[in-house]
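Hi,

Here is the structure I promised to send over. Have a look at it first, then read my notes below.

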Amino acid sequence: MFRTMQKPILILVINNHGGAIFSLLPIANRTEPRVLNQYFYTAHDISIEKLCMAHGVKHLAVKTKTELEDALVTSKHLGTDCVIEVESCIDENATFHSTLRKFACQAVDHASNILSRFSVPDSISCGLSISKIHKLEYSLYRIQLCAPPTSSSVKHDRSKIYREGFILSLYLEDGSVGYGEVAPLEIHEETLLDVEEQLRFLFHVMKGANLTYSLPLLKGSFSSWIWKKLGISVRSIFPSVRCGLEMAILHAIAARHNSSFLNILYPKTETDEGISKRSSSVKICALIDSTGTPSEVANIAITLVEEGFTAIKLKVARRADPFQDAAVIQEVRKKVGPQIELRVDANRKWSYEEALEFGSLVKNCDLQYIEEPVQVEDDILKYCEESGLPVALDETIDKFPGNPLKMLEKYANPGIVALVSGKIFNNLISEA
Ligand SMILES: [Mg+2]
């Protein structure tokens, strides 16, 4: 039959060398390995490759998801029958499935915990609807700052350093109000004018829309609500606008239930003692710009530690050479002591050699990570190995044109210790 078919046939073989499905059933935990192996797994050592050779069929072997994607593309262009063999292992497969089960259980527990707060069963008849949006308003705010934002590359007139944005007020039909903030930074693509134009349009579309109980579950619920209820493509909304709208909606839902923002997202349970502690103290990392002498910067760091910060990030690579940056880091570490977490961000401004020089000069400073140390993306992993220092990614993810989750495989390296970019989380949320 295989040979008489007109079109080329592609066969995908998941070769786990035996009856691995039994390893996923409760019987696997209750049966001796010897019995499992002999009567259930019935392992085989048949070579799929040699079988293919014997029948003159093209064989492609793959071990990773990327290799599988490549093999599927290759097989399309072959124009002949083809077998793609995915190498698998019974134990790894069982571990993977148990991890999936664990996360699925956690997600269900979390969802039922949130929904149970709203007495959802009473509302099922009206499609899990909470309330309608009555109206939305926005107002401009402007706050004078005492220092320019670290994202700024322009020299500011100190009297004109301010932060501005919009405060959104979202009113539900029952009178509950939620507030959100939309305030793009100057490094964002959208300006305040763009934002205002989009807000006017969205306010018009959102008036009268029903909010649903699934929104506090996050994951893809906001994307789904925006698309299904508003008929708008999620990707057409500016990130800063979406952030402000989500904030206002969740806040309004919390207000309607006389609850707090945090308790709507992570409802307290009787067994969850840590939540109340967490709600009273959210840890924030302080950020210091790279101006000033080592002792001036160290004094700013001490002030921040006295204010309660336990982690500080310092911008580097904006001074004349890495030696000066290293001198600042050395002084800060000396003054704040070993307990404070220190991170640095070079924003890809160093050459490979400059980054190495900096790394060698701060080896004793116990940096939590260096964010984007080098200009050339292909040098990142080499830098991790040669410097031995932990590295974090930001621009590398932000500037990747496609879905950044796809490129993470490339950076699955013990030297890459953190992902700072917001883009990865946006994608995680929209993919979920
Ligand atoms: Mg950064």
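Before we get to the sheets, one definition: two strands count as a pair if DSSP finds at least two bridges between them. In general, strands of a sheet pair through backbone hydrogen bonds, either parallel or antiparallel. Also keep in mind that this is a predicted model.

With that in hand, look for the open sheet of 6 strands, which pair in parallel in the order β8-β9-β10-β11-β12-β13. Its edge strands, β8 (286-288) and β13 (416-419), each pair on one side only. On average, neighbouring strands here are turned by 30° against each other, ignoring direction. Helix α11 (residues 294-306) packs on this sheet, where it touches β8 and β9 (311-315), and its direction makes about 165° with that of β8. Inside the sheet, β10 (residues 341-345) and β11 (residues 367-371) are joined by 4 bridges, and Asp 345 has Glu 371 as its bridge partner in β11.

There's another open sheet, with 4 antiparallel strands in the order β6-β5-β4-β7. At its edges sit β6 (177-182) and β7 (210-212), each pairing on one side only. Neighbouring strands in this sheet are turned by 45° on average, again ignoring direction. Helix α8 (residues 239-256) lies across β4 (129-144), β5, β6 and β7, running at about 160° to β6.

As for the whole chain, it has 16 helices and 13 strands, and 22% of its 432 residues count as buried.

Cheers

Technical notes
Residues are numbered from 1 along each chain as its sequence is written. This is a predicted model: local features need pLDDT of at least 70, side-chain atom pairs count only at pLDDT 80 or more; totals for chains, interfaces and linings use all residues. Helices (H or I, at least four residues) and strands (E, at least two) are DSSP runs, numbered from the N terminus. A residue is buried if 20 or more other C-beta atoms lie within 10 Å of its own, exposed if 12 or fewer, and partly exposed in between; C-beta atoms are placed from the backbone. Axes are lines fitted to C-alpha atoms, for helices over the stretch in contact, and angles run from 0 to 180 degrees between N-to-C directions. Two residues are in contact if their C-beta atoms, placed from the backbone, lie within 7 Å.
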